[in-house]
Amino acid sequence: MKHERPEKVDYRYRIANREALIGVGLAVFNFIWWFAFAYGLGSKDPEEYTYVLGFPAWFFYSCIAGTVLMAVLVTIVVKKFFVEVPFDDEGEEK
Amino acid sequence: MNWQATIPLILILVVMFAIGILASRRVQSSKSFLDEYFLGERSLGGFVLAMTMTATYGSASSFIGGPGTAYTEGLGWVLLAMSQVVTGYFVLMILGKKFAIVTRKYKAVTMVDFLKARYDSKWVVLLAAASIIIFLFSAMAAQWIGGARLIESLTGMNYTSALFIFALSVLVYVTIGGFRAVALTDAVQGSIMFVGTLVLLIATIVAGGGVQEIMNDLSAENPNLITPFGAEGTLSPAYVSSFWILVGVGVVALPQITVRAMSYKSSKSMHRAIIIGTILVGFIMLNMHLIGVFARPILPGIEVGDRVMPLIALEVLPAWVAGVVLAAPMAAIMSTVDSLLLLVSSTVVKDVFLNYVKPEASHKQVMRLSIGVTAILGIIVFLLALDPPDLIIWLNLFAFGGLEAAFIWPVVMGLYWQKGNKYGALASMITGVGLYILSDSFFPQPFGLHSVVLPVVLSFVAYVLASLATQKKQQIAQN
């Protein structure tokens with residue numbers, strides 16, 4: 001195995017680092033949404049619950065709407081911000 | 001014997017065999033046996049990648065234990081289960097392109113290969129291999145028990161023969177077909193899960209008289225069932241949130257998942273897999289756990305949680321449809337088991353044997369050994385599962401937590417922090433696993449959190465401190 005050339009940063013790594021940070025950002029947002037609706041709306045007495053489509057509102061927003069929202073967000077982020085890069089180093093045999 | 005429900009199951013097993021045989025041709029003709037058998041020559045497309053990720057992860061814990069617990073705890077447990085949605089995008093985004101590029105550069109076939117190349121330390125490799133073998137063995141045993149229980153309640157066979165059929169079918173296609181067979185069968189199994197859970201959810205809602213009606217019944221029985229706090233009010237926000245680490249972001253460190261993050265063809269397939277995977281995980285987790293909750297008013301008083309799924313399917317669906325639908329959890333279990341089996345086998349063959357016992361082994365020897373080890377491991381797990389402990393979900397979670405505590409920082413920091421070194425990796429692995437086992441045995445819920453949380457946090461501290469403290473030593477060693 002060859003040693004990596006020192007100090008020369010592969011341009012693909014910068015893209016990879018940025019995309020990893022986007023992943024962290026999405027997860028943080030996902031968690032806040034999930035937590036805020038579940039415990040924000042769900043902590044009152046069950047008799048005072050409001051309902052959406054038959055589900056208690058906390059559950060609907062946190063789990064159902066939250067999941068749909070994440071699917072949409074992830075799709076948009078990947079299509080708009082993710083860059084295609086080659087994985088194999090040039091000159092290497094397949 | 002319930003033949004109408006059994007025939008669809010048998011058909012599915014036949015399809016799995018066929019895939020195994022087809023994939024084994026590729027194994028025979030492949031130039032690089034190891035690359036093909038353990039990694040499918042890094043040629044997975046987006047759809048298969050998303051499917052194999054989801055199917056590997058959506059294991060017996062979600063498909064049998066999960067809905068069973070949701071039945072007991074109510075909507076609070078569905079909330080907890082939804083912490084898994086994050087895995088759909090997080091794993092591939094975090095390991096992401098960097099992992100794909102680096103593992104190709106290192107020519108790594110397993111996660112341990114990656115650790116070996118990154119840290120260049122015998123101890124890191126041996127410790128990693130030992131954790132994988134120990135923890136995945138317990139996970140595998142748990143999964144086999146789940147599979148056998150399912151066949152047992154579906155067909156009315158006794159446990160031992162059910163286990164035998166399950167073990168035999170998995171062993172055949174994994175042993176001969178390798179990773180490609182596993183990934184392809186996962187794609188079929190993932191599709192079955194997707195359709196199966198949807199059909200069962202709809203049938204359950206209809207049988208219960210609509211969502212509104214079911215919620216009324218639940219809150220009449222016990223209002224806690226429709227709160228986020230569980231039937232007894234014991235699911236605290238801190239505890240439920242801990243699962244974001246255990247079954248959410250921590251999954252990034254599970255070897256059976258990371259190996260998939262080095263198996264895809266191009267960044268295009270990765271992008272597709274992120275989108276498909278997120279939708280798939282969200283959809284399947286939500287449906288599956290809701291089924292468990294909704295089953296409660298329809299079939300009250302089920303004592304053993306693991307039997308909720310099969311019983312509700314047989315109750316609300318015609319028998320032959322139930323057979324097809326129940327192939328879904330069966331598929332989930334098989335697809336987890338097959339990947340675990342292959343992973344433990346690759347650890348033994350590639351990481352231990354080829355690294356330290358006999359590096360000069362010939363192509364043919366490696367091939368025979370890989371197939372032989374896979375088969376022997378399967379037989380050992382079979383024997384373990386013959387006399388099974390009861391709650392599969394906890395056994396399973398114990399294994400996941402241990403692996404996460406061991407690997408999360410050596411993998412993630414190894415990728416993104418250049419100063420991380422072997423001392424950091426060792427400190428982090430020892431701290432993580434050691435604390436997890438201690439904490440799980442003596443302080444099951446420190447500060448109301450799940451026992452995996454503190455070890456994960458402290459192993460991060462250990463990684464950073466040990467790496468920084470040994471910067472000089474490392475530089476001297478390198479020069």
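This briefing covers the interface between chain A and chain B and the cavities of the structure. The model is a predicted one. Between chain A and chain B an area of about 4300 Å² is buried, with carbon and sulfur atoms giving 74% of that area, while a search of the whole structure finds six cavities of 30 Å³ or more.

**Interface of chain A and chain B**

- In terms of contacts, 48 residues of chain A meet 49 residues of chain B, and on the chain A side A:Trp34, A:Tyr39 and A:Phe87 lose the most area to chain B, together accounting for 17% of what that side buries.
- The count of salt bridges between the two chains is one, and in this salt bridge the side chains of A:Glu19 and B:Lys97 come together at 2.6 Å, N to O.
- Eight residue pairs are found in polar contact across the interface, with both residues of each pair at pLDDT 80 or more.
- On the side of chain A that touches chain B, the elements giving two or more residues are α1 (11-42), β2 (55-56) and α2 (57-81) of chain A, and α1(A) gives the most, with 17 residues.
- By class, the residues on that side of chain A comprise 30 nonpolar, nine polar and nine charged.

**Largest cavity**

- The largest cavity holds about 120 Å³ of space and is lined by 14 residues, of which B:Met53, B:Thr54, B:Thr87, B:Gly88 and B:Val281 lie nearest its centre.
- In chain B, α3 (46-57), α6 (87-106) and α13 (267-298) each supply at least two residues of this lining, which by class has 10 nonpolar, four polar and no charged residues.

Key: Residues are numbered from 1 along each chain as its sequence is written. Chains are lettered from A and ligands numbered from 1 in the order in which they are written. This is a predicted model: local features need pLDDT of at least 70, side-chain atom pairs count only at pLDDT 80 or more; totals for chains, interfaces and linings use all residues. Side-chain values use heavy atoms; hydrogens and water are left out. On a 1 Å grid over the protein atoms alone, a cavity is a set of points where a 1.4 Å probe fits but cannot get out, and a pocket is an open set with protein on both sides within 12 Å along at least five of seven lines; lining residues have an atom within 4 Å of a point. Grid points are joined across faces, edges and corners, and a volume is the space filled by probe spheres set on the points. Helices (H or I, at least four residues) and strands (E, at least two) are DSSP runs, numbered from the N terminus. Ala, Val, Leu, Ile, Met, Phe, Trp, Tyr, Cys and Pro count as nonpolar, Asp, Glu, Lys and Arg as charged, and the others, Gly among them, as polar. Contact means heavy atoms within 4.5 Å. Buried area is the accessible area (1.4 Å probe) that two parts lose on being put together, summed over both. A salt bridge is a side-chain nitrogen of Lys or Arg within 4 Å of a carboxyl oxygen of Asp or Glu. A polar contact is a pair of N or O atoms within 3.5 Å; within protein, one must be able to donate a hydrogen and the other to accept it, and residues adjacent in sequence count only if both atoms are side-chain atoms.
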